[in-house]
Amino acid sequence: MLHDRVLVRQDASEGERRSGGGILIPATAQVGKRLAWAEVVAVGQNVRTVEPGDRVLYDPEERAEVEVRGVPYVLLRERDLHAVAAERIEVSGEATGLYL
């Protein structure tokens, strides 16, 4: 990985989903602008805020898809991340483990 790039693997929950009231929402339904969660697989040498294994929130419309050994990944810039959820932050006691 080079510079400020972050390689992530999308969550598998891209298909049908249920609303809070139990209504089934098909994968083809049009929804408003929705951010997506993914797991960080690799980071470039200039990335300061995330590490491999963290979960990040990003805009799926601002992405570059790449396939490595048959596995699909998304390539992002660090500045395109909206939030980070990390286990290493939760250890400190009062922290929520999520930072924006």
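Trainee: Why does V68 count as partly exposed?

Mentor: In this predicted model, V68 has a relative accessibility of 37%. Buried requires under 20% and exposed requires over 50%. The value of 37% lies between these limits, so V68 counts as partly exposed. V68 is found in strand β6, residues 64–68.

Trainee: What makes V68 part of a nonpolar surface patch?

Mentor: A patch residue needs over 30% relative accessible area and no salt bridge, and nonpolar side chains are joined within 5 Å. At 37%, V68 passes the area limit. The patch is made by M1, V66, V68 and L75 and covers about 280 Å².

Trainee: How do you know which class V43 belongs to: buried, partly exposed or exposed?

Mentor: The relative accessibility of V43 is 25%. V43 is placed in strand β4.

Trainee: Which residues does V43 touch, leaving aside those up to four places away in sequence?

Mentor: V43 touches M1, R5, V6, V50 and P52. The criterion for each contact is heavy atoms within 4.5 Å. As for E78, 35 residues from V43 along the chain, the two C-alpha atoms are separated by 8.9 Å.

Trainee: What makes β1 and β7 a strand pair?

Mentor: Pairing requires at least two bridges. Strand β1 (residues 5–10) and strand β7 (residues 71–77) have four bridges, so they pair, and the sense is antiparallel. V6 has L76 in β7 as its bridge partner.

Trainee: How do you know that β1 also pairs with β4?

Mentor: Five bridges link β1 to β4 (residues 36–43), and they therefore meet the requirement of at least two, again in the antiparallel sense. V8 has V40 in β4 as its bridge partner.

Trainee: Why is the phi of H3 worth a remark?

Mentor: Most residues other than glycine have a negative phi. Phi of H3, however, is near 50 degrees, a positive value. H3 is placed in the segment before β1.

Trainee: What is the phi of R69, and where is R69 placed?

Mentor: Phi of R69 is near 50 degrees, a positive value in a residue other than glycine. R69 is in the loop between β6 and β7.

Trainee: Why is R69 called exposed?

Mentor: The relative accessible area of R69 is 83%. Exposed means over 50%, and R69 is therefore exposed.

Methods. Residues are numbered from 1 along each chain as its sequence is written. This is a predicted model: local features need pLDDT of at least 70, side-chain atom pairs count only at pLDDT 80 or more; totals for chains, interfaces and linings use all residues. Side-chain values use heavy atoms; hydrogens and water are left out. Buried means under 20% relative accessible area, exposed over 50%, partly exposed in between (1.4 Å probe, protein chains only). Patches are made of residues with over 30% relative accessible area and no salt bridge: like charges are joined within 9 Å, nonpolar side chains (Val, Leu, Ile, Met, Phe, Trp, Tyr) within 5 Å. Accessible areas come from the Shrake-Rupley method with a 1.4 Å probe; for residues, only the protein chains shown count as cover. A salt bridge is a side-chain nitrogen of Lys or Arg within 4 Å of a carboxyl oxygen of Asp or Glu.
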